[in-house]
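Here is a report on one structure, written for a reader new to it. Look at the sheet first, then at the helices.

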Amino acid sequence: MEWLFDQDEQHVVTESKEAAVDDFATQTVLQALAHVAELGELLCFMRESHACHDCSSLAKCALSTLRNYGLSALLMLHPEGNIKSYYALPQEITPDEVSLLDNAAAASVRIYETVQHCIFNYRYCSLIITNWSDQEPLRAGRLRDHLAQLCEGIDARLDAMLSSVPLPNIVQLTYQPLISHFLVQEH
């Protein structure tokens, strides 16, 4: 009888170990699926950002991505030589929030967290997540990575917008000297 008791106890221990392994495997799969869904949102932003030709449309595209992540945010775009533009999700931006963004942008740290905020400072954009929570450390880590890539994407798109010359200007710059030359020749 003692042998059976030990065998039953061992069987119970084995079942609890199997349950723990099953729970771990389930959590791993759920984390992987969440990561893929979040990454899909980021890729969608990258694709849609190519159709943006001004700060306003780029901000709307970024805020849509943040909304899909379930985040509230403040966003400032400050491309070189242009006026700063401010945006908020889900409401209109307030003067206090503008001041908060200006102060955050003045910091020399690229990414940092406070109790309620996660702040990203990049070349042409500053982003403050106003409903930040690190209660789920794995999700917070994934989102921090995705949001850093979102800011990189915003910077890259703004850089492309700043360096592009509209097609009519290219034509004018290319052919104007030739046209001028021939007009001078005729007179």
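## Sheet and helices

Helix α3 (residues 95–106) lies across β1, β2, β3, β4 (118–121) and β5, running at about 65° to β1. Lying across rests on contact, meaning heavy atoms within 4.5 Å. Helices (H or I, at least four residues) and strands (E, at least two) are DSSP runs, numbered from the N terminus. Axes are lines fitted to C-alpha atoms, for helices over the stretch in contact, and angles run from 0 to 180 degrees between N-to-C directions.

The model is predicted: local features need pLDDT of at least 70, side-chain atom pairs count only at pLDDT 80 or more, and totals for chains, interfaces and linings use all residues. Residues are numbered from 1 along each chain as its sequence is written, and side-chain values use heavy atoms, with hydrogens and water left out.

The open sheet has five strands, in the order β2-β1-β5-β4-β3, with antiparallel pairing. Two strands pair if DSSP finds at least two bridges between them. At the edges are β2 and β3, each pairing on one side only. From one strand to the next, the twist averages 10°. Strand β1 (residues 73–77) is joined to β2 by five bridges. M76 has Y86 in β2 as its bridge partner.

| Helix | Residues | Angle to a strand |
|---|---|---|
| α2 | 55–68 | about 25° to β2 |
| α3 | 95–106 | about 65° to β1 |

Helix α2 also meets α4 (residues 137–163): their axes come within 11 Å and cross at roughly 165°. That makes α2 roughly antiparallel to α4 (angles over 145 degrees count as such).

Methods:
Angles under 35 degrees count as roughly parallel, over 145 as roughly antiparallel, 65 to 115 as roughly perpendicular and the rest as oblique.
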